[in-house]
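Here are a few friendly notes to read alongside the model. Please keep the structure open as you go through them.

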Amino acid sequence: MSAPLRIDVITIFPDYLAPLGLSLLGKAQREGLLEVQVHDLRDWTHDRHRTVDDSPYGGGAGMVMRPDPWGEALDAICGSRPGQTPHLIVPGPGGDPFTQEVATELATDAGWLVFACGRYEGIDERVYDEYRERYPLSVLSLGDYVLNGGEVAVLAMTEAIARLVPGVLGNEASLEEESHTGGLLEYPVYTKPPRWRDREVPPVLLSGHHGQIASWRHAQRIERTAARRPDLMQAYEGTSKD
Ligand code: JDK
């Protein structure tokens, strides 16, 4: 067995990350395929109120995370494994898009990921400047909407990355099939009963004609992609697969 994927998360809301211990990711941790450690940023403050934020220089609404607790936390955590280098990931609404391709790269290339969860209006820019010089650092966005902090983004990214680690999904055939998606949306799926509230399963799926089933599914994928994702459809037509 290969070395486990190691994930550290730094947050002011450690309880927010509790779901990482559930379901498939919890099982992967118990099986030693994955190691997740969640850290409270306030453990690296020194004042009575464990302050992590202050008002923005230059004015404006809201608060900004101070660089000093982040510096101490990142030095301690990123330096905790001699001879190993983490890939730092900071979720942010202005980051590069987090895509399946990025998930695959992070699951494959990096053995150690450190996620830094901002809150308020974000983290003092000097933290990015400092740690970009020391480690590979990616600012990544889940999508074009504004969350209240990085925690939900870390849950989504961690799930997308960890399920790509060999042995975590528990069904390598599903991943195999996923890697052949070829830029189209998925076909609809059905199971028993064959009639539910007067709604029939498409008869071709009950026919046993594997060739016809495959072409019906392909046609469904084209139809859905054209209707819902013109961006993907254009790219697909560009590849001249059809
Ligand atoms: C991390 C703090 C909240 C609120 C400023 C941004 C344009 C200016 C940050 N995909 C995605 N969406 N949201 C996040 C994310 C939000 C975060 C943090 C990740 C840390 N916040 C926040 C407001 C602003 N505002 C939109 C105008 C910045 C990731």
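1. In this predicted model, an open sheet is built from 5 strands, ordered E2-E1-E6-E5-E7, with parallel pairing. Strand E2 (34–40) and E7 sit at the edges, each pairing on one side only. From one strand to the next, the twist averages 30°.

2. At the E2 side, have a look at how strand E1 (residues 5–11) is joined to E2: the two run parallel and share 7 bridges. Threonine 11 has aspartate 40 in E2 as its bridge partner.

3. Helix H5 (residues 151–162) lies across E1, E2, E5, strand E6 (112–116) and E7. Relative to E6, H5 runs at about 165°.

4. The second largest pocket is worth a visit, with about 460 Å³ of space. It is lined by 27 residues, of which Pro91, Gly92, Pro93, Gly94 and Gly122 are the closest to its centre. Strand E5 (87–97), helix H4 (125–132) and strand E7 (137–141) each contribute at least two lining residues, and E5 gives the most, with 6 residues. By class, the lining comprises 13 nonpolar, 10 polar and 4 charged residues.

5. Finally, helix H7 (residues 210–228) packs against helix H8 (residues 230–238) at an angle of about 125°, and their axes are 6 Å apart. H7 and H8 are therefore oblique to each other. On the H7 side, the contact involves His218, Ile222, Thr225, Ala226 and Arg228, while H8 supplies Pro230, Leu232, Met233 and Tyr236. The residues of this contact between H7 and H8 divide into 6 nonpolar, 2 polar and 1 charged.

Terms used. Residues numbered from 1 in each chain as written. Predicted model: local features only at pLDDT ≥ 70, side-chain atom pairs only at ≥ 80, totals over all residues. Heavy atoms only, no water. Axes fitted to C-alpha atoms, helices over the stretch in contact; angles between N-to-C directions. Helix = DSSP H or I, 4+ residues; strand = E, 2+ residues; numbered from the N terminus. Parallel < 35°, antiparallel > 145°, perpendicular 65-115°, else oblique. Contact = heavy atoms within 4.5 Å. Nonpolar A, V, L, I, M, F, W, Y, C, P; charged D, E, K, R; others polar. 1 Å grid on protein atoms, 1.4 Å probe; cavity = no way out; pocket = protein on both sides within 12 Å on 5 of 7 lines; lining within 4 Å. Points joined across faces, edges and corners; volume = space filled by probe spheres on them. Pairing = 2+ DSSP bridges.
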